[in-house]
Amino acid sequence: MASQSSNVVILPPTNQLRGLYSIIRDKDTSRSDFIFYSDRIIRLLVEEGLNHLPVTEHEVTTPTGALYQGVKFLGKICGVSIMRAGESMEQGLRDCCRSVRIGKILIQRDEETTQPKLFYDKLPEDIADRFVFLLDPMLATGGSASMAVHVLISRGVPEERIFFLNLIAAPEGIKMFTERFPKVKIITGVIDQGLDEHAFINPGLGDFGDRYYCI
């Protein structure tokens with residue numbers, strides 16, 4: 001897989017994936033189609049994230065009586081969504097991991113300082129013992145995601161156990177994030193051209209949360 005560093009993983013730009021992004025980037029795509037095709041990309045991101053979890057050898061017996069040399073995952077996982085847009089990715093995680101626990105972090109921009117501010121968090125009590133899939137569809141400047149990682153680290157989650165999943169990332173956010181958290185693995189669908197003068201991702205797809213949740 002193409003990557004900017006060993007801890008940045010980009011989904012392969014297959015024709016299928018490019019087609020999915022063409023649909024969700026189109027300003028004329030209906031909300032129902034935006035949700036459906038975004039969910040498909042989210043599922044791909046979660047499945048790729050699972051590929052990076054540690055495993056151990058595990059032998060099973062098949063119905064024919066033969067032995068199969070397989071693997072099983074080491075450790076427990078949980079999801080943590082950055083509200084509200086990140087909540088759109090929770091179902092994709094649940095579809096791949098039965099009974100997975102989900103935490104939530106609410107971060108909003110302080111209008112006086114223009115800096116991200118933590119307003120709320122609710123995390124599993126044993127989160128320090130889990131691998132964490134941090135969920136947010138867009139990585140722009142990286143401010144909110146950076147604060148979310150600080151919250152996780154403050155709760156005892158080792159940096160190397162955090163996987164940040166997003167559909168679209170800006171190079172500026174990737175650079176800041178990898179410099180600040182070199183052990184956090186970023187798993188993204190695509191890295192766009194960059195940020196415009198308003199710090200919006202270009203070409204991007206607009207406000208993900210508005211398009212996913214608003215009629």
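Q: If a pocket is an open set of points on a 1 Å grid over the protein atoms alone, where a 1.4 Å probe fits, with protein on both sides within 12 Å along at least five of seven lines, what volume does the largest pocket have?

A: About 1,200 Å³, where volume is the space filled by probe spheres set on the points, joined across faces, edges and corners. Bear in mind that this is a predicted model, where local features need pLDDT of at least 70 and side-chain atom pairs 80 or more, while totals for chains, interfaces and linings use all residues. Residues are numbered from 1 along each chain, and side-chain values use heavy atoms, leaving out hydrogens and water.

Q: Which residues line the largest pocket closest to its centre?

A: Lining residues have an atom within 4 Å of a point. Here there are 32, and A140, S144, A199, F200 and D207 sit closest to the centre. Helices (at least four residues, H or I) and strands (at least two, E) are DSSP runs; β4, β5, β8, α4 and α6 each supply at least two lining residues.

Q: And what about the second largest pocket, how much space lies in it?

A: About 150 Å³. Its 11 lining residues include L11, P13, L17, G189 and V190, the closest to its centre. Helix α1 (15–25) gives the most to this lining, 4 residues.

Q: How many residues does the largest nonpolar core have?

A: Nonpolar side chains tend to be buried together in soluble globular proteins. A core joins buried (under 20% relative accessible area, 1.4 Å probe, protein chains only) Ala, Val, Leu, Ile, Met, Phe, Trp, Tyr and Cys residues through side-chain atoms within 4.5 Å. The largest one has 34 residues, and I41, L45, I77, L93, F133, L165 and L167 have the most contacts inside it. Helix α2 gives the most to this core, 7 residues. Take F133: beyond its sequence neighbours within four places, its contacts (heavy atoms within 4.5 Å) include V46, L50, L93 and F163.

Q: Is R130 buried or exposed?

A: R130 is buried, because its relative accessible area is 9%. R130 belongs to strand β7, and its C-alpha atom is 6.5 Å from that of G75, 55 residues apart along the chain.

Q: Which side chain makes a polar contact with the side chain of R130?

A: A polar contact pairs N or O atoms within 3.5 Å, one able to donate a hydrogen and the other to accept it. R130 makes one with the side chain of D126, at 2.9 Å. The backbone oxygen of I77 also lies 3.0 Å from a polar atom of the R130 side chain.

Terms used:
Buried < 20%, exposed > 50% of the residue type's maximum accessible area, 1.4 Å probe, protein only.
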